[in-house]
Each structure stands twice: as structure tokens, then as C-alpha cells.
Amino acid sequence: MTTDQVPSEVRPVVRVGAPTERRNPLSADLDLMSTRDMLAVINEADRRAPAAVAEVLDEIAAAVDLAVPALRDGHRVHYFGAGTSGRLGVLDAVELIPTFNIPRHWFCAHLAGGQGAMWRAVEDAEDNHATGAAEANECVAPGDVVVGLAASGRTPYVLGALAASRARQAATVLLCANPEAEAARDVDVFIGVDTGPEVVTGSTRMKAGTAQKLVLNAFSTAVMVRLGRVYSNLMIDVVATNAKLRGRMITILVEATGCSEELCRQALNASDGDLKTALVSLVSGADVTRARAALASSADQVRGALALLAT
């Protein structure tokens with residue numbers, strides 16, 4: 001008998017007490033409102049997401065400070081999640097590759113139910129603690145950083161992955177929308193974002209999901225900055241795979257150096273299309289060979305390479 005054939009009265013039932021499952025009194029008459037008033041209520045609720053994220057910046061910083069040395073030492077960051085939370089983890093990991101030109105293995109996203117769950121809900125997958133643990137045991141190594149993503153803070157798949165990762169001597173982080181989650185005591189860093197009840201009760205794809213997206217954006221972007229993938233506020237690990245990106249590289253060089261577009265184009269050509277080498281060469285006045293050597297000696301950090309050349 002398949003899961004779909006099991007009578008509903010004998011399937012396991014869990015009543016979740018997370019804040020996201022409570023009724024929101026401000027939206028009690030949502031279905032009676034005009035379209036404009038409904039949107040205003042949703043928009044007002046959404047304002048809570050960035051404010052709630054602001055309350056956990058110290059915890060996000062602690063997670064960043066775990067991930068940066070781990071990646072520098074050759075380890076990886078893993079996201080384990082289910083449903084909306086898991087899909088947001090996939091989205092963050094995927095977007096880091098073209099944005100910052102990172103190695104594909106740096107950020108690994110694991111979604112309950114597998115790749116197919118990106119497009120179609122696999123509801124029972126999140127209830128399997130053993131599956132989360134098994135997947136973590138297959139890919140998590142000592143020294144890695146594992147981030148669990150669960151709006152309620154109690155998703156069995158996620159908690160299973162975190163428990164197995166901890167046993168494998170990986171650092172663990174839990175990001176959820178339940179500041180009172182019991183699992184907080186079992187991880188190295190707990191990020192409990194207090195977004196409160198949803199406009200549509202239990203629909204964590206709304207402001208709980210928005211807050212998780214904000215946290216993931218902030219976390220991974222800060223990691224990239226600390227790893228030298230940003231100079232000032234400019235992306236400097238761009239790979240020119242299309243005309244737009246080739247133009248963006250020239251724009252970045254002009255903005256970063258104050259040099260003319262033609263000079264930046266010449267420097268980029270002399271550097272075989274490597275933006276960092278061209279940038280270091282233009283700012284320091286060193287030739288391309290010295291600029292490339294300085295980058296190699298400073299772990300590919302532009303600031304470090306410029307400091308070496310200045311001395």
C-alpha cells in the first residue's frame with residue numbers, strides 16, 4: 001500500500017505550535033476585504049520580515065564567521081531544507097555560482113524529496129528524520145558548515161541532517177521562524193527570526209520565507225565579501241560569458257579605478273580577461289605579471305595584492 005492509499009485516520013499527525021501556525025488577528029477578515037485592502041494587509045505584514053532579520057544580525061554574523069574559515073580551509077557549506085525553506089536554500093546556492101564565480105562544490109543545497117521537490121511538493125519527505133541523517137552522512141565532512149532551514153524549527157528531515165552533521169564534527173546552524181525552537185540548544189548557531197503569524201495561517205511561503213531569503217542573501221553575500229570576492233561594493237569575480245557581462249567588467253574597472261574605458265579595456269585584454277588582475281594592475285601601476293603574482297601570493301585577495309605591491 002502506498003502512502004496515498006493509507007487511510008488519513010491512521011497517518012501520523014503532528015500539530016505544530018510554531019508562531020507561523022497561529023492566527024493573525026489583522027487578517028481575520030481577509031476573504032471579505034477588497035483586493036486593495038487585502039494587498040495592504042499583506043504588505044504591512046511583509047514589513048515585519050526585515051525588522052525581524054535586524055534583530056538577529058549577531059547570530060547571522062556568527063554563522064558567517066563559521067563559514068569563511070571553513071571555505072578557506074577547503075571545506076563546504078551545506079543547506080538542508082524542505083518545502084519553501086529548502087527551495088530558498090537551492091536558490092541561494094545556485095545564484096552564488098554566476099554572481100561570484102565560486103567553485104560549484106562550495107555551497108551544496110539538499111532538498112527533502114530530491115530535485116523533483118523543487119517543482120512539485122513531496123510533503124511526506126520532510127517528516128523523515130532518518131533520510132536527512134542518511135543524506136548528511138553521505139556528503140558532510142568534518143569541518144564543513146551545515147545550515148538547517150526550517151520555518152517551524154522542528155522539521156524532522158532537517159533535524160536529522162543537523163544531528164548527523166554534528167556527529168561528523170561539522171559546525172551546525174539552524175535558521176527558522178520560531179525563536180522558541182527546542183532544537184536551538186543542539187546547534188552551534190541558532191537564528192530564530194521572529195516574523196510572527198502569517199497573513200494566511202501556516203503559509204510560511206509568505207513573510208517567514210521572505211525573512212529566510214533575506215537572511216540567506218545577507219549570510220552568503222557577507223561570506224563572499226570576507227573571501228575577497230568583492231572590492232569596495234563591486235563584484236570582481238565576474239566571468240564574461242555573454243556581452244552584458246563583458247560590458248559589466250569594463251564598467252566595474254572604470255568605477256573601481258577611475259580610468260578611462262579604453263584604458264580599462266586594454267588592461268583587461270592584457271590580463272587575458274581576468275578582472276582581478278586588470279584591477280590590481282590599474283590601481284597599483286604594476287604590470288600584469290606582477291599583478292598576477294601579487295594576487296597569487298595573497299590568496300587571490302585584491303586588497304592583499306595591492307598591499308604587497310605598495311610595499
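**Figure 1. The chain as a whole.** This predicted model holds twelve helices and seven strands. The C-alpha trace spans about 75 × 50 × 35 Å along its principal axes. Of the 311 residues, 44% count as buried. Take the contacts between residues at least 6 apart in sequence: 64% of them join residues at least 24 apart.

Figure 2. The place of Asn-101 is in the loop between α4 and β2. Its phi is positive, about 55 degrees, although Asn-101 is not a glycine. Most residues other than glycine have a negative phi. Asn-101 counts as partly exposed, because its relative accessibility is 34% and that class runs between the 20% and 50% limits.

Figure 3. Gln-169 is found in the loop between α6 (156-167) and β4. Here too phi is positive in a residue other than glycine, with a value near 65 degrees. Buried or exposed? Gln-169 counts as exposed, because its relative accessibility is 62% and the class begins over 50%.

**Figure 4. Helix α4 and its cover.** The buried residues of α4 are Ser-85, Gly-86, Leu-88, Gly-89, Val-90, Asp-92, Ala-93, Leu-96 and Phe-100. What lies over them? The cover includes the strands β1 (77-81), β2 (107-111) and β3 (145-149). Also included are helix α7 (207-226) and the strands β6 (230-231) and β7 (234-235). Asn-101, with its positive phi, comes just after the helix.

**Figure 5. The largest nonpolar core.** This core has 37 residues. Those with the most contacts inside it are Phe-107, Ile-191, Phe-219 and Val-223. Several elements each supply at least two residues of this core, among them α2 (48-54), β1, α4, β3, β4, β5 (189-192) and α7. Which element gives the most to this core? That is α3, with seven residues. Apart from this core lies another, of 24 residues, including Leu-234, Ile-250, Leu-253 and Leu-275.

**Figure 6. Contacts of Phe-219.** Neighbours within four places in sequence are left aside in this view. Phe-219 is then in contact with Ile-60, Ala-63, Val-64 and Ala-67, among others. Its contacts also include Val-77, Tyr-79 and Phe-107. Phe-219 and Phe-107 are both among the residues with the most contacts inside the largest nonpolar core.

Figure 7. Rolling a probe the size of a water molecule over the atoms shows where empty space is left. How many cavities of 30 Å³ or more are there? The count comes to one. About 40 Å³ of space lies in the largest cavity. Its lining is made by Ala-63, Val-147, Val-173, Leu-175, Ile-191, Val-215, Leu-216 and Phe-219. That is eight nonpolar residues, no polar and no charged. β4 (171-176) and α7 each supply at least two of the lining residues. The largest share, three residues, comes from α7. Phe-219 and Ile-191 line the cavity, and both are also among the residues with the most contacts inside the largest core.

**Figure 8. The loop between α11 and α12.** Ser-298 has its place in the loop between α11 (288-297) and α12 (302-310). Ala-299 is in the loop between these helices too. Which is buried, and which is exposed? Ser-298 is buried, because its relative accessible area is 13% and the limit for burial is under 20%. Ala-299 is exposed, with a relative accessible area of 60%. Beyond its neighbours within four places in sequence, Ser-298 is in contact with Gly-304, Ala-305 and Leu-308. Ala-299 and Leu-227 are 72 residues apart along the chain, and their C-alpha atoms are separated by 9.2 Å.

**Figure 9. Val-302 in α12.** Val-302 lies in helix α12. At 3% relative accessibility, Val-302 counts as buried. Neighbours within four places aside, its contacts are Tyr-231, Ile-236, Lys-276, Leu-279, Val-280 and Leu-295. Ala-93 is 209 residues from Val-302 along the chain, with 24 Å between the two C-alpha atoms. Ala-93 is one of the buried residues of α4.

Key:
Residues numbered from 1 in each chain as written. Predicted model: local features only at pLDDT ≥ 70, side-chain atom pairs only at ≥ 80, totals over all residues. Heavy atoms only, no water. Helix = DSSP H or I, 4+ residues; strand = E, 2+ residues; numbered from the N terminus. Buried < 20%, exposed > 50% of the residue type's maximum accessible area, 1.4 Å probe, protein only. Contact = heavy atoms within 4.5 Å. 1 Å grid on protein atoms, 1.4 Å probe; cavity = no way out; pocket = protein on both sides within 12 Å on 5 of 7 lines; lining within 4 Å. Points joined across faces, edges and corners; volume = space filled by probe spheres on them. Nonpolar A, V, L, I, M, F, W, Y, C, P; charged D, E, K, R; others polar. Core = buried A, V, L, I, M, F, W, Y, C linked by side-chain atoms within 4.5 Å.
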